[in-house]
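Here is a short report on one protein chain. Please keep the sequence and the 3D view open while reading.

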Amino acid sequence: MATDPNSTDPNFWPDYLEQHRDPTNRALHVAGTLSAAALLGVGLARRDWRALVAAPLVGYGAAWLGHFLVERNRPKTLDAPLASLAADIRMAGLALTGQLAREYRRYGIPDRPGLVIRRRPPSAPAPALERVSPENDRGY
């Protein structure tokens with residue numbers, strides 16, 4: 001089995017957060033991750049192959065809906081499946097414990113749509129935020 005090339009990339013987590021800025025996308029990811037975990041648990045406890053097959057379909061289905069319909073970007077799962085799965089679980093845990101917004105602040109990434117980061121060279125000061133349109137501001 002090939003190793004995941006991005007599993008040790010220190011930029012993977014910030015890049016992952018950047019691709020999950022929309023709260024609806026994050027909610028779909030968390031719901032999918034928790035549903036998949038529940039189905040996995042039920043499938044193992046009851047030895048039900050249908051629940052085991054449904055687990056990844058439900059988990060990835062919800063997440064990919066968030067990417068394709070809400071965020072309109074390419075899921076990182078396609079490039080780095082193991083690192084992406086670990087990041088999905090990490091995001092769900094942080095969301096459930098109320099610590100996810102802190103991660104966005106830690107990396108200077110706006111955690112809501114309507115804001116963009118102006119990319120600057122690493123030697124430049126912290127990135128400036130720019131409001132794209134007031135109607136996208138949902139008050140989060």
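The report takes confidence, then two residues in turn.

## Confidence

This is a predicted model. Mean pLDDT for the protein is 83. Of its residues, 73% reach 70 or more.

Where pLDDT is low, predicted coordinates should not be read in detail.

## Histidine 20

Histidine 20 sits in a loop. That loop lies between α1 (12–18) and α2 (23–46).

Is histidine 20 buried or exposed? Its relative accessibility is 1%. The cut-off for buried is under 20%, so histidine 20 counts as buried. Setting aside residues up to four places away in sequence, histidine 20 touches Asn25, Arg26, His29, His67, Glu71, Met91 and Tyr104.

## Alanine 62

Alanine 62 belongs to helix α3, which covers residues 49–71. Its relative accessible area is 15%. Buried means under 20%, so alanine 62 is buried too.

Which residues does alanine 62 contact, leaving aside neighbours within four places in sequence? They are Leu28 and Gly32. Valine 30 is 32 residues from alanine 62 in sequence. In space, the two are 8.8 Å apart, C-alpha to C-alpha.

Technical notes. Residues numbered from 1 in each chain as written. Predicted model: local features only at pLDDT ≥ 70, side-chain atom pairs only at ≥ 80, totals over all residues. Heavy atoms only, no water. Helix = DSSP H or I, 4+ residues; strand = E, 2+ residues; numbered from the N terminus. Buried < 20%, exposed > 50% of the residue type's maximum accessible area, 1.4 Å probe, protein only. Contact = heavy atoms within 4.5 Å. pLDDT = per-residue confidence, 0-100.
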